[in-house]
Amino acid sequence: MFKSLEKNLPKIVLAPSVGLISWFVYGFILWTFYISFTNSKILPRYELWGVGQYAKLWGTRKWLIAVDNLLIFTVLFLVICIVIGVVLAIFLDQKIRTEGILRTIYLYPMALSFIVTGTAWKWILNPTLGIEKLFVDMGFENFTFDWLVNRDMAIYTIVIAGVWQSSGFVMALFLAGLRSIEDEIVKAAKIDGASLFTVYWKIIIPMMRPVFFTSFVVLVHISIKSYDLIVALTQGGPGISTTMPALFMTQTAFHKSQVALSAASAMMMFMAVAAVIIPYLYSELRRENVS
Amino acid sequence: MSASTNISYQKLEDRSRITNLLLRWFLYFVLVLFAFYFIFPLYVMLVTSFKTMEEIRQGNLLTLPGQLNIESWAVAWGGRGYGAGDTYLRPYFWNSIKMVVPATFFSTFIGAMTGYVLTKWRFKGDSWVFLFLLFGCFIPYQAILLPMARTLGILGISNSILGLVVVHSIYGIPFTTLFFRNYYVSIPNELIKAARIDGAGFFKIFFKILIPISAPIIVVTVIWQFTQIWNDFLFGATFSFGTAAPIQVALNNMVLSSTSVKEYNVDMASAIIAGFPTLIVYVLAGKYFIRGLTSGAVKG
Amino acid sequence: MYWLENTLLEVSLQEQLRANMLTLKIKDLYKSFASTEVLKKINLDIEEGSFLVLLGPSGCGKSTLLNIIAGLETIDKGAVFIDDYDVSKVEPKDRNIAMVFQSYALYPSMTVRENMIFGLKQAKTPKDKIEQQLEKVSNFLKVDELLNRKPSQLSGGQRQRTAMGRALVREPRIFLFDEPLSNLDAKLRVEMRHEIKKLYTSLKATMVYVTHDQIEAMSLASKIAVMNEGIIQQLDDPQTIYDKPNSLFVADFIGSPSMNFINGEIKKDSQSVMFTPNNEDNINFDLTHYEFENNFQNNQKIVVGLRPEYVSNTESTKKYTKKLSLTPTIIETTGFDKNVTFDFAGSEIIGRFTPNSGVELNNPQEVYFDLSQISIFDSNTELRL
């Protein structure tokens, strides 16, 4: 008896975390999935109602705006973060004397919450006293900057704040990647007569493929989940012009009390994330098994 | 031969020296430019928080305050003292502390144990268990928000610090497991074998051998969890309101609810207060913070 | 006709110059990292077509020296000359060198072909010339089957060949090798060593090769520079380094098992020169009439070095043979011979015995020291006398 306890101890110790994750992650996702096929309003009801909620979702203007916004945001956020991150990482990797300080500056926004970030940028982008006034004071008298209250432009303010928060992180990923490259490869390229540009373009950047992949996954993941930043910066406004799926989901559930519709939107988000994450996990695992 | 080679070598030397110099200047220019972009909001927050509203209206984002006016900081932290409707951060700051400390502890501890089993007591299918847990790092929390709200209600801990501790402890496990598992994988199994031959059992090996050499990863994990939980808004805003809210929720409410006149100086002081603990951690233990970001978030 | 005469003169002068030109010359070179001096006053002259091995323990500065020759590391003081031109500030690519690295340093995103021709492409070599070179080299190195593979799909030996191919296609003035064999397993290492030797024999190009492996050094080099603590201890052909090491360090570093050292004192008078090992007052080695007997003073403390192969059980009546009876403490069989260890004069002495010798542990044994082969070092300066 005691012996079998001793033998199974590892599994017993593992049980709580496996149990908790099974219930609170997988169980809950299944529950949400199920509810999305019901007609639950303020309280969950368990009679199946078919795919009606999904049909309704894709017929809701606000959701379509949210998806549009998500696409715009994701593409810009991704491209700008990666470009800034790669450039900063490569530049910092040139034996810069003040590297430590610069790195600290580039990365500190990552320590701040999206609410703090949003609050700060909301003030900076403020149409009367913010950046607009700064430029007017500098002599650009006709300068206007009203993106925050402009339906067509407000989504870009979220990109500005999001990029500010996350591009340092991409820089850190790439810097770590660059530092893991063997010295000798760069030396060999120098002897081969490659210019600094060629060394990066032809040799180092192709070697960074896994880092690009990782940054892509992490950033897409952040953007699909983005919620706090919008709440703090625009609350989805003006009107509903900056709504995103995560905001749609909580508003539908907790303000509009349409639990099933909200569950359907949550499942759409889940599927979007899964479409990015599962190939990623698969490749990561394969790489680990190879090495 | 050597005369002409001399000349061409000389040319090459000169050319490479000049391009190097230009490149260097360009490099520093870009790096410093971005440094300004990143530091700009922090600077604006700081100077604004020390200005009076009059100064804010008169000047612009960059102008310095006439004198250090700490009034807005006092208001942000302790309110104006007129009772109802007077929101200030102090109680919520302590709410967040009460939430972060136990949740960080529990999730770190469970993650350490789980990582230990998954690397040092391997069994058939253990990598599937790891994958099973790892997936929890990636889910959009919207997919578990509704049932979690109901569960907390049924357990009678919705709208309480305890509820948030439970939520954060559970959803932290995938991350903490990932950290510890990746760390323990790099510790040679011979160490465990030697300990077993010396007669140490499951728990003894963990507490006497692994934990003492786990300091770096414990620091990384604690910092990661602390930052994540402190900065969380979604769970806080969904599962708590009123007096049980954590600081990020309170900050957001304060900024949104200013009724008649927007007090940007108080907003900025509040934002700095809410960001202060994580910023301090970052400044003091940046190395571990970054290691967490790049190793954990490489996968999470 | 004046100009023609002049040109002809110049041509013949150049030929003359070239004939005794030093392909590589290093003059009074110093290098420090932070406050540690890694190279101290290095001087090297390397003639066209020689194979120089920089040999030494790790941290002796040999790799730094190689990187400096390549132009990958800056110089604090002194200069590097290639073909008599000071290249100290010239970029690596303009030095007309090629290098093979310890980790091979193949570009992982490129195929073998792309790896090999990368340098030529950078130098804007015409396409047909590139193809021609590639074909020649890949045939020679037997990598023509692998040209379209990525480095990750190659075995260790194949990577090694590719790395050498990348160096070969450029037809450089000097080949540099940075411990190119240390990542290979023992068997492959011997094979590749032969390949490199073959390569050298057929190309007759100038090569500089860094290693910490004395067997590699001995078998490849036309000249070895033994380095220690940033100083070249000895620069000579392999046999001289082996037979006449100029310091205790070199004597100890080269040879396996390493040279036996016997500490003791010189007793010199008008008739004879005698060496008395420490703690062995009644044993004398008669060094009278040695060619270098005048190098000693009476009572000078010296170290006598004798390679294990000159300590044996084979009876000898040669002039300078010393017979002693010693007790074996360890016997190691190599197959080819037996390495027998004795305690003598306060240290261990190893002798090479014939494999069928009936030597036994703790059983006193006649041992013959061939004193004609000794090296003698001063105890204080540790230099050869």
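**A against C.** I started with the pair A and C in this predicted model: 14 residues of chain A are in contact with 18 residues of chain C. I then looked up which elements of chain A build that side, and helix H8 (183-191) and helix H9 (196-207) each supply at least two residues. H8(A) has the largest share, with 6 residues. Sorting the chain A residues that touch chain C by class, I got 7 nonpolar, 2 polar and 5 charged.

**A sheet in C.** Next I traced an open sheet of 5 strands in chain C, and noted the order as E13-E12-E11-E14-E21 with antiparallel pairing. Which strands stand at the edges? They are strand E13 (285-286) and strand E21 (375-378) of chain C; each has a single partner strand, so one side of each is left without a neighbour in the sheet. I checked the E13 end too: E13(C) pairs with strand E12 (residues 273-277) of chain C in the antiparallel sense, over 2 bridges. For C:Phe275 I wrote down C:Phe285 in E13(C) as the bridge partner.

**Domains of B.** Chain B I took by its domain assignment, which gives domain 1 (2-69) and domain 2 (90-296). Their centres, taken over C-alpha atoms, are separated by 37 Å. I still find a contact, with 6 residues from domain 1 of chain B and 7 residues from domain 2 of chain B. On the domain 1 side, helix H1 (2-49) and helix H2 (53-58) of chain B are the elements that give two or more residues. H1(B) gives the most there, with 3 residues. My class tally for that side of domain 1 of chain B reads 3 nonpolar, 2 polar and 1 charged.

Conventions
Residues are numbered from 1 along each chain as its sequence is written. Chains are lettered from A and ligands numbered from 1 in the order in which they are written. This is a predicted model: local features need pLDDT of at least 70, side-chain atom pairs count only at pLDDT 80 or more; totals for chains, interfaces and linings use all residues. Two residues are in contact if their C-beta atoms, placed from the backbone, lie within 7 Å. Helices (H or I, at least four residues) and strands (E, at least two) are DSSP runs, numbered from the N terminus. Ala, Val, Leu, Ile, Met, Phe, Trp, Tyr, Cys and Pro count as nonpolar, Asp, Glu, Lys and Arg as charged, and the others, Gly among them, as polar. Two strands pair if DSSP finds at least two bridges between them. Domain bounds come from an automatic or database domain assignment.
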